[in-house]
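Please keep the sequence and the structure in view while reading.

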Amino acid sequence: MADAHAPPRTILVPLDLAPAGEVKIPVAEEYARALSADVLLLHVLRPGSVDPANVLPSEAVARTYLDTFGARLRGAGIHAEGLIRVGTPAAVIVQEALIRDVALIILGTNTRPMLSSAVLGSVADQVARSAPCPVMLVHPRGDTVERRHLRCFHEDAERAGGLVQRALGVRTIELARVIGSVDRCHELGLAFRPPLRRRRKHDEDRFVRLRQAIESAASIPAIDVYKLGFGYYVLDGHHRVAVALAQGQVEIDANVIEYVAVADEQAPERFAARRAFERATGLTEVGAARPETYGILLDAIEHYRDEQGLDELERAARRWFAEVFRPLWQTIRARQIIAAFPGDRSADLIARLPLWRQAQAPDLDWLAALDRFVETQGLTDIVNVSSRNG
């Protein structure tokens with residue numbers, strides 16, 4: 001008889017971005033029910049494909065992809081979280097299974113490493129030989145090649161399950177997180193422009209006019225986007241996005257409608273907490289998974305304002321973001337510390353620091369406090385695995 005107080009077992013499901021691998025999801029759901037297990041969805045990015053200072057499109061696509069499947073599983077009553085790692089797929093999968101005491105790995109038989117399978121064997125072969133737990137191989141169905149066009153909102157929304165929408169208003173968003181389109185995903189390439197052979201004169205003329213307007217510092221209206229998980233999908237403003245990408249912009253102003261899973265019980269509380277935080281601080285760049293994070297960070301900003309002798313909270317918030325939040329965010333990304341907390345965002349980890357620092361190490365600066373926190377919380381092994389793979 002299973003111990004009712006024992007932590008739930010974990011099923012590890014590595015996913016690439018090829019549609020064929022999606023057949024593993026219903027299998028994971030079936031076995032999660034049978035084993036009363038949680039599901040950890042893992043995507044492994046190649047070394048060098050993650051920039052600690054900025055989110056790259058490949059990471060944004062992967063995070064959004066995992067978010068949609070996580071929402072689907074949670075809607076079915078399965079606790080599921082996504083995890084992004086960097087490294088060699090087989091090695092990362094085995095190491096994750098070891099450090100998380102995984103009960104079962106569900107793999108697709110088509111997954112291949114970067115080098116020839118004739119030399120190294122498939123990822124599935126390597127994992128099956130080295131895994132510390134049973135490995136189930138699921139034969140893929142469908143396209144085994146990752147799609148090279150924009151993500152389609154309606155396809156990803158259908159994958160996520162029942163959704164409700166909430167208006168976030170106009171804000172500045174990262175262009176790298178604009179990964180798809182609502183209604184033009186099949187006709188546009190990743191640069192938000194049609195292939196050369198299909199470009200029409202009026203499209204080219206509009207692109208040129210917009211580029212000239214932006215270069216002359218003319219006021220350009222915000223684009224309209226839908227947000228699903230980590231990614232944004234363009235509803236209106238495809239040409240503006242194309243010009244911004246061509247000119248190397250990092251950010252763009254957007255009117256955002258967010259779609260969240262009906263099954264996300266924390267969504268209303270998170271929405272209210274985020275809105276209150278943004279109204280108080282003027283910061284729209286802080287994205288957290290947990291509602292309580294926003295209140296903790298607001299307290300930290302108020303404490304920072306008092307320390308710095310500043311009067312205006314918004315001014316203190318902007319300085320705190322630049323001097324405290326952003327350096328911590330970059331360090332967490334560089335060391336993949338967030339891998340220790342599947343389902344959390346970097347902001348949630350940063351929110352763990354103020355009370356711990358105040359109680360344990362008030363004299364340390366924030367980056368040194370983060371190092372000490374990693375040591376005292378027993379996260380060193382996970383961080384070291386990340387460092388070796390990255």
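## A strand residue and its surroundings

Asparagine 255 has its place in strand β11, which covers residues 251-261; helices (H or I, at least four residues) and strands (E, at least two) are DSSP runs, numbered from the N terminus. The model is a predicted one, in which local features need pLDDT of at least 70 and side-chain atom pairs count only at pLDDT 80 or more, while totals for chains, interfaces and linings use all residues. Residues are numbered from 1 along each chain as its sequence is written, and side-chain values use heavy atoms, with hydrogens and water left out.

With a relative accessibility of 28%, asparagine 255 counts as partly exposed, a class that lies between buried (under 20% relative accessible area) and exposed (over 50%), as computed with a 1.4 Å probe on protein chains only. Once neighbours within four places in sequence are set aside, asparagine 255 is in contact with Gly169, Val170, Ala222, Ile223, Asp224 and Val225, where contact means heavy atoms within 4.5 Å. Between the C-alpha atoms of asparagine 255 and isoleucine 173 there are 9.5 Å, although the two residues are 82 residues apart along the chain.

## Aromatic rings

The structure holds 9 aromatic pairs; rings of Phe, Tyr and Trp (its six-membered ring) pair if their centres lie within 6.5 Å, and planes under 30 degrees apart count as stacked, over 60 as edge-to-face and the rest as tilted. Because phenylalanine 153 belongs to helix α6 (residues 153-160) and tyrosine 233 to strand β10 (residues 231-236), the pair ties together parts that are 80 residues apart in sequence. Phenylalanine 153 and tyrosine 233 are both buried, and together with Tyr226 and Tyr259 they form one aromatic cluster.

Arginine 63 lies over the face of phenylalanine 230, at 5.8 Å from the ring centre, and arginine 357 lies over the face of tryptophan 366, at 4.1 Å from the ring centre.

## Two helices that cross

Two packed helices are described by the angle between their axes and the distance between the axes. For helix α9 (residues 267-281) and helix α11 (residues 313-335), the axes come within 7 Å and cross at roughly 105°; axes here are lines fitted to C-alpha atoms, for helices over the stretch in contact, and angles run from 0 to 180 degrees between N-to-C directions. The helices α9 and α11 are therefore roughly perpendicular to each other, a term used for angles of 65 to 115 degrees, whereas under 35 counts as roughly parallel, over 145 as roughly antiparallel and the rest as oblique.

On the α9 side, Arg279, Ala280 and Thr281 meet Leu313, Glu314 and Ala317 of α11. Sorted by class, this contact of α9 with α11 has 3 nonpolar, 1 polar and 2 charged residues, with Ala, Val, Leu, Ile, Met, Phe, Trp, Tyr, Cys and Pro counted as nonpolar, Asp, Glu, Lys and Arg as charged, and the others, Gly among them, as polar.

## Buried residues in helices

Glutamate 29 lies in helix α1 (residues 24-35) and, at 19% relative accessibility, counts as buried. Apart from neighbours within four places in sequence, glutamate 29 is in contact with Leu73, Ala76 and Ile78.

Leucine 370 lies in helix α13 (residues 366-376) and counts as buried, at 0% relative accessibility. Not counting residues up to four places away in sequence, leucine 370 touches Leu328, Thr331, Ile332, Ile337 and Leu353. The C-alpha atoms of leucine 370 and threonine 331 are 8.9 Å apart in space, and the two residues are 39 apart in sequence.

## Positive phi in two loops

Most residues other than glycine have a negative phi. Serine 36, in the loop between α1 and β2 (37-45), has a positive phi near 50°, and this serine 36 is exposed, with a relative accessible area of 58%. Phenylalanine 192, in the loop between β8 (178-181) and α7 (201-215), has a positive phi near 65°, but phenylalanine 192 counts as buried, at 3% relative accessibility.

Conventions
Lys NZ or Arg CZ within 6 Å of the ring centre and 35° of its normal.
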